[in-house]
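Dear colleague,

Please find below the structure that I am handing over to you. My notes on it follow.

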Amino acid sequence: MEKTSKQKLSVILFLSVVTVMLFAGILVNQFISSSMSVNTQGSASPVFLPTLSSQRCYGTEQDDAYVDAFFVGDDTYVFYNAQSGIMQKESNDEPLMVTLEGKLLAVALTPHGFATALLKEDNLSIKLIGFDGIPTASVSITEKNAELQYLGYDGNVCIAIKHQGEFDYVLSYVKYNSKLEEIYNRDIYSLYNLSAIACYPLSNKTVIFFNAQYGSVKRGGYSIIHNESLAMETEYINNVDNCVLLDAKPYGDGFILTASTNTSPYIITLNSDMQQTLTELPNTYENAKIYTDGTVGYIGLYSTTSVDLMPLDSKRDLVQRFADDIFDCIFIDGSAVFALAKNNVTYINHINTGIVSPIINGAPLSLKLKRNNKLTVFATLNTHSSILSSKGGIDVYCATLL
């Protein structure tokens with residue numbers, strides 16, 4: 001499709017016309033944008049806009065797609081895919097752009113640089129890249145039909161891969177040192193076809209949540225790998241038939257999970273001893289995702305038309321039709337900030353203050369936090385703008401808001 005035929009996503013230009021007036025204790029923000037119309041008639045409160053401190057685009061002459069971003073000191077590292085992976089460093093001293101060998105699947109920050117997972121001609125590899133963009137180590141994944149399920153860092157580089165075993169797919173968890181020399185490789189054996197949902201490296205063990213399927217039978221479960229003894233325990237979720245895990249996050253002294261069956265979704269809590277408690281949800285919901293910092297938590301309950309927000313704090317009520325979709329969530333000083341979609345407009349919603357700010361027209365946002373709690377948003381965006389120094393076509397948009 002030619003770039004000129006693409007439906008353009010309009011960036012809200014915060015610098016257009018914003019007047020802030022303080023009168024009789026009421027804060028009024030007036031916003032005018034020729035590129036996007038936000039209908040606030042009949043709204044109980046005005047639309048609030050956060051302070052914009054910077055905005056820019058990253059990209060090449062090709063179409064670009066955002067993967068991840070990191071803040072290291074005063075430098076910003078943005079990773080995205082064009083015809084191949086790109087690492088771009090924004091710095092006052094030594095900005096750089098590095099082309100990677102293959103499509104970029106995932107990135108993890110380490111003390112000495114970045115661990116990257118790259119796919120080139122169906123060959124999966126893990127590469128370490130220094131903050132200066134120079135590769136320091138590389139390892140090829142030789143298992144047949146290997147698919148990356150997880151890449152992380154817990155003092156060592158860790159991956160989970162799904163690959164072809166003797167009879168079915170096998171799920172393996174591999175840990176490497178700083179030279180990408182293998183420390184250990186553990187397979188999760190099962191008669192089922194396994195796929196990882198989430199991995200959580202802890203101080204002395206790793207918990208891997210997975211889904212398993214054998215024919216029409218589906219089960220959700222987890223494996224615990226003890227790093228020192230390499231002993232492994234594998235358990236399945238009990239008392240729920242055809243249970244499929246949807247999400248899993250650390251919460252309190254254990255974990256909180258969401259799952260679905262043929263009839264309804266569930267919330268599953270696991271305490272520090274991994275003892276489970278089930279809570280059945282109304283069958284009007286099709287999906288359930290978890291947003292938490294480990295102490296404060298919310299569950300997005302997805303139906304066919306909207307998302308309801310259920311606080312895990314029993315003192316708060318269910319927020320019906322909270323959004324059409326939720327793109328991301330980040331916690332600032334214990335308060336949740338959501339990037340969500342309503343009526344084809346992407347908003348930032350700060351739960352504790354109630355501030356809701358339109359950000360961009362119809363594009364999913366990824367939220368990141370700079371030093372001093374400066375909220376930064378990233379999006380894959382099709383726009384032409386001399387203000388943003390766009391290359392044209394699909395670029396990576398970045399704005400620091402707070």
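The largest pocket is lined by 29 residues, and Asp68, Tyr200, Lys249, Asp328 and Lys368 are those that lie nearest its centre. A pocket here is found on a 1 Å grid over the protein atoms alone, as an open set of points where a 1.4 Å probe fits, with protein on both sides within 12 Å along at least five of seven lines; lining residues have an atom within 4 Å of a point. Two or more residues of this lining come from each of strands E4 (65-72), E8 (103-110), E12 (147-153), E16 (193-201), E20 (244-251), E28 and E32 (366-369). Strands are DSSP runs of E of at least two residues, numbered from the N terminus.

The model is predicted: local features need pLDDT of at least 70 and side-chain atom pairs count only at pLDDT 80 or more, while totals for chains, interfaces and linings use all residues. Residues are numbered from 1 along each chain as its sequence is written, and side-chain values use heavy atoms, with hydrogens and water left out.

The space in the largest pocket is about 1200 Å³, a volume being the space filled by probe spheres set on the grid points, which are joined across faces, edges and corners. Its lining divides into 19 nonpolar, four polar and six charged residues. Ala, Val, Leu, Ile, Met, Phe, Trp, Tyr, Cys and Pro count as nonpolar, Asp, Glu, Lys and Arg as charged, and the others, Gly among them, as polar.

The second largest pocket holds about 490 Å³ of space. Of its 21 lining residues, Phe71, Asp74, Asp75, Thr76 and Lys370 lie nearest the centre. Its lining consists of three nonpolar, 10 polar and eight charged residues. Strand E3 gives the largest share, four residues.

E16, which contributes to the lining of the largest pocket, pairs with strand E17 (residues 205-214) in the antiparallel sense over eight bridges; two strands pair if DSSP finds at least two bridges between them. A hairpin of three residues joins E16 to E17, and Leu194 stands opposite Ala212 in E17.

Elsewhere, four strands form an open antiparallel sheet in the order E28-E29-E30-E31. Strands E28 (325-332) and E31 (355-360) are at the edges with a single partner strand each, so one side of each is left without a neighbour in the sheet. Within this sheet, six bridges join E29 (residues 335-342) to E30 (residues 345-350), and Ala341 stands opposite Thr346 in E30.

Yours sincerely
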